[in-house]
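Here is a walk through one protein model, from its sheet out to its surface. Keep the structure open beside the text.

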Amino acid sequence: MPEPAAPDSRPADAPVALVTGAGRGIGAATARVLSEQGWNLVLVDCCDSIPGINYPLATEQELQAVASEVGGRALVADVRDRAALAAAVDLARNTFGGLDAALAIAGVVGATGPLWDVPEAEWTALWDINVTGVLNLASVAVPCLLERPAPRRGRFVAVGSAAAEKATTRLAAYSASKAAVVGMVRGLAADLGNTGVSANVVQPGTTDTAILAPSAAAYGMPAIGFAGQHIDTRIIAPQEIANVIAWLCSTDAAAITGAVIPADAGMAAR
């Protein structure tokens, strides 16, 4: 894997991305891929526990390590806090001169029981992070994307889930939150028509991230058991999802907007 270029050695017109959920998993993998492609990066994660979520989230040390690896700027910020995300946008503007992509990758999953037994704290966390967190990022980042002079190459990408389209036991609350992301981002794409800024959703299947093991434990099975939900019966690597996100951020994907891109090893189709 090539070493990412240091920010000071990148061209003055290098594109700039803000990545939420960047401390590990798909967010960290996306930061690595974009860095290899010459992007400047502002990396965000909340680095704290959240009521209703029963597994540990990324730490500040993990976030700083990713930022150091990719030559990016790290900021501890919770996507539930619009002002904190506005500070991340300001960091991109003040450090790199603007913003070309906003990537809503932060997300949480819960699997505690059937819908009628979902604890209120879990429902609140799923909705506040998976849905309102995407709204908050759009609210502060889209105006910055639109500050770029036309013709723009702005990108807004949110990570959804194949669970939004597949009936899965004990995931109704999570699936509802990810289905809401699809509707919201498609509407955002319509609002952004003819601006040069696109908005899309990437829908992963079961991916090898830090939340895979606790999710499998909630079902009382090994993590590899989830692979049976895919046409290709394997667990997806985070970089595979990151590659799709990075492609949507490229000029090659200029004609793609309002789309839901499956990167799920055939999970939704099974």
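Predicted model: local features only at pLDDT ≥ 70, side-chain atom pairs only at ≥ 80, totals over all residues.

In general, the strands of a sheet pair through backbone hydrogen bonds, in a parallel or an antiparallel way.

Next, follow the pairing strand by strand. Strand 1 and strand 4 are parallel and share three bridges. Here Ala17 stands opposite Ala101 of strand 4. On to the next pair: strand 4 and strand 5 also run parallel, joined by four bridges. Leu103 has Val157 in strand 5 as its bridge partner. Then come strand 5 (residues 154-159) and strand 6 (residues 197-204), parallel again, with six bridges between them. In this pair, Arg155 faces Ser198 of strand 6.

Is strand 4 covered on one face or on both? Both faces are covered. Ala101 and Leu103 are buried on one side. Ala102 and Ala104 are buried on the other.

The loops hold some backbone details worth checking. Which two residues does a cis peptide bond join? They are Ala150 and Pro151, with omega at about 0°. Pro151 is found in the loop between helix 4 and strand 5. Cys47 has phi of about 55° and lies in the loop between strand 2 and helix 2 (60-70). Asn194 has phi of about 65° and lies in the loop between helix 5 and strand 6. Why does Asn194 count as exposed? Its relative accessibility is 87%, and the cut-off for exposed is over 50%.

Turn to the charged side chains. Side chains of opposite charge can pair when their charged atoms come close. How many salt bridges does a search of the whole structure find? The search finds six.

One of them pairs Glu69 with Arg32, and the closest N and O atoms are 2.9 Å apart. Glu69 belongs to helix 2 and Arg32 to helix 1 (residues 25-36), so this pair ties together parts that are 37 residues apart in sequence. Both ends are partly exposed: Glu69 has a relative accessibility of 39%, and Arg32 has 28%.

A further salt bridge links Glu147 and Arg93, with the closest N and O atoms 3.0 Å apart. Glu147 sits in the loop between helix 4 and strand 5, while Arg93 sits in helix 3, so the pair ties together parts that are 54 residues apart in sequence. Glu147 is partly exposed at 49% relative accessible area. Arg93 is partly exposed too, at 27%.

Arg234 and Glu240 form another salt bridge, their closest N and O atoms being 2.8 Å apart. Arg234 is partly exposed at 35%. Glu240 is partly exposed at 30%. Return now to Arg93. Salt bridges with shared partners join Asp90, Arg93 and Glu147 into one network.

Finish at a nonpolar part of the surface. Which residues make the nonpolar surface patch of about 410 Å²? Leu115, Trp116 and Trp123 make it. Leu115 is placed in the loop between strand 4 (101-104) and helix 4 (120-145). With a relative accessible area of 48%, Leu115 is partly exposed.

Note on methods: Residues numbered from 1 in each chain as written. Heavy atoms only, no water. Patch = residues over 30% accessible without salt bridge, like charges linked within 9 Å, V, L, I, M, F, W, Y side chains within 5 Å. Areas by Shrake-Rupley, 256 points an atom, 1.4 Å probe, with all protein chains shown as cover. Salt bridge = Lys/Arg side-chain N within 4 Å of Asp/Glu carboxyl O. Helix = DSSP H or I, 4+ residues; strand = E, 2+ residues; numbered from the N terminus. Buried < 20%, exposed > 50% of the residue type's maximum accessible area, 1.4 Å probe, protein only. Pairing = 2+ DSSP bridges.
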